Amino acid sequence: MMKKILAASLALGVAAPALSAELVVYTSRADNLLKPIVAAYEKRTGNTIKLVSGTAGPLMERMKAEGRNSPADVLITVDGGNLWQASQMGLLRPVNSATLKKNIPAHLRDPKNEWFGLSVRARTIFYNTNKVKPSELSTYADLANPKWKGRLCLRTSANVYNQSLVATMIANQGAAKATQVVKGWVNNLAVAPFANDTAMLEAIGAGRCDVGIANTYYYGRLMEKQPNLPIGIVFADQKGKGTHVNVSGAGVAKYSKQPAEAQKFIEWLSSSEAQNLFADLNNEYPANAGVLPDPRVAKWGKFKQDVINVSVAGRNQRQAVMLMRRAGFR
């Protein structure tokens, strides 16, 4: 992996322009995932990038409070729900970019072109290979079936990834069906919901539960450290809408002092020369459909994505939170 990053960085080492500018990037994505990418871009362009890191909510509130005085040029964060919220808060500006429209599929970008997905994560089904056959698994809704009673593990409903999954279920199936499914999940829980996906996957590997739902990159990280864990992956809803996907993405800050340069940076992040750097470091899928995933990710198999626009995760988020609360999903 590091060899790939170094090779890409060297390959990008073309002559820098005479003038340079500092871009300020507000980001909730971990520094260790962005610094190699930033280094490659700086080497390519001669520009410098300053990362201002924090969790999504406080970072967006900071941008809102700063208003026109905000130094932010770019916002990078995770989950369509957060990106949608940033747009609703008036933190981003529309970007008319033929490059971004070409590189990023319509369902992975804001309908108003205020933000663009740059890497994709699937939230799908995982199982204990000693206890479950993959042929027994099919859909998110099937996990509400009584046959899984006392066998299901989930992450807490306070997490935005579960909120986005349920928000998308509401859009696809309606609130009544989504409520039925979530109630079934709660009835089937083996233990109380976990604080994070990694702990939940570890519980599956340890046999505390047989099945669960998690983001693919958590699985990739865990299996790199503990490759002998008896955990398998099944992509959900392949005969229906497809597996729920979400993104990490970026937008140009509304009050950026150099929006043209900010746009160029995001366009580069969507390009083939940068997509693997952006996705591979976190075991994610490139958002650019013309770029192949890292072999470690590709070995999980190809799958059909749910192509509903990921912004629905934000539009239905409040309804999803209320639905889960009423269903007893904590």
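**Figure 1. Thr27, a buried residue of strand S1 in this predicted model.** With 0% relative accessibility, Thr27 counts as buried, because the limit is under 20%. Thr27 belongs to strand S1, which runs over residues 22-27. Look for its side chain first: the side chain reaches the backbone nitrogen of Arg29 at 2.9 Å. Leaving aside residues up to four places away in sequence, Thr27 touches Leu34, Leu51, Val52, Ser53, Gly54, Leu59 and Ile76. Arg29 itself lies over the face of Phe278, at 4.5 Å from the ring centre.

**Figure 2. Strand S3 and its two partner strands, S1 and S8.** Strand S3 covers residues 74-78, and five of its five residues are buried, so the strand is largely enclosed by the rest of the structure. In a regular strand, side chains alternate between the two faces of the sheet. Here both faces of S3 are covered: Val74, Ile76 and Val78 are buried on one side, and Leu75 and Thr77 are buried on the other. S3 pairs with S1 in the parallel sense over three bridges, and Thr27 stands opposite Ile76 in S3. With strand S8 (residues 245-252), S3 pairs in the antiparallel sense over five bridges; there, Val78 stands opposite Ser248.

Figure 3. Helix H8 spans residues 197-206, and its buried residues are Asp197, Met200, Leu201, Ala203, Ile204 and Gly205. What lies over these buried residues? The cover includes strand S4 (116-128), strand S5 (152-153), strand S6 (211-215), helix H9 (216-225) and strand S7 (231-234).

**Figure 4. Helix H9 and what covers its buried residues.** Seven of the 10 residues of H9 are buried, so this helix is largely enclosed by the rest of the structure. The buried residues are Thr216, Tyr217, Tyr218, Tyr219, Gly220, Leu222 and Met223. Among the elements covering them are S4, helix H6 (160-173), H8, S6, S7 and strand S9 (285-286). While you are here, find Arg221, which lies over the face of Tyr218 at 5.3 Å from the ring centre.

**Figure 5. Tyr219 and Trp300 within an aromatic cluster.** The model has eight aromatic pairs. In one of them, the rings of Tyr219 and Trp300 have their centres 5.6 Å apart and their planes at 55 degrees, so the pair is tilted. Tyr219 lies in H9, and Trp300 in the loop between helix H12 (295-298) and helix H13 (312-315), so the pair ties together parts that are 81 residues apart in sequence. Tyr219 is buried, with a relative accessible area of 8%, and Trp300 is buried as well, at 13%. One aromatic cluster is formed by Phe126, Tyr219, Phe235, Tyr285, Trp300 and Phe303.

**Figure 6. Residues 1-19, where pLDDT stays under 50.** For residues 1-19, the model has 28 contacts beyond four places in sequence. Across the protein chain, pLDDT averages 93, and 94% of the residues score at least 70.

Notes
Residues numbered from 1 in each chain as written. Predicted model: local features only at pLDDT ≥ 70, side-chain atom pairs only at ≥ 80, totals over all residues. Heavy atoms only, no water. Helix = DSSP H or I, 4+ residues; strand = E, 2+ residues; numbered from the N terminus. Buried < 20%, exposed > 50% of the residue type's maximum accessible area, 1.4 Å probe, protein only. Polar contact = N/O pair within 3.5 Å; in protein donor to acceptor, adjacent residues only side chain to side chain. Contact = heavy atoms within 4.5 Å. Phe/Tyr/Trp six-rings, centres within 6.5 Å; stacked < 30°, edge-to-face > 60°. Lys NZ or Arg CZ within 6 Å of the ring centre and 35° of its normal. pLDDT = per-residue confidence, 0-100. Pairing = 2+ DSSP bridges.
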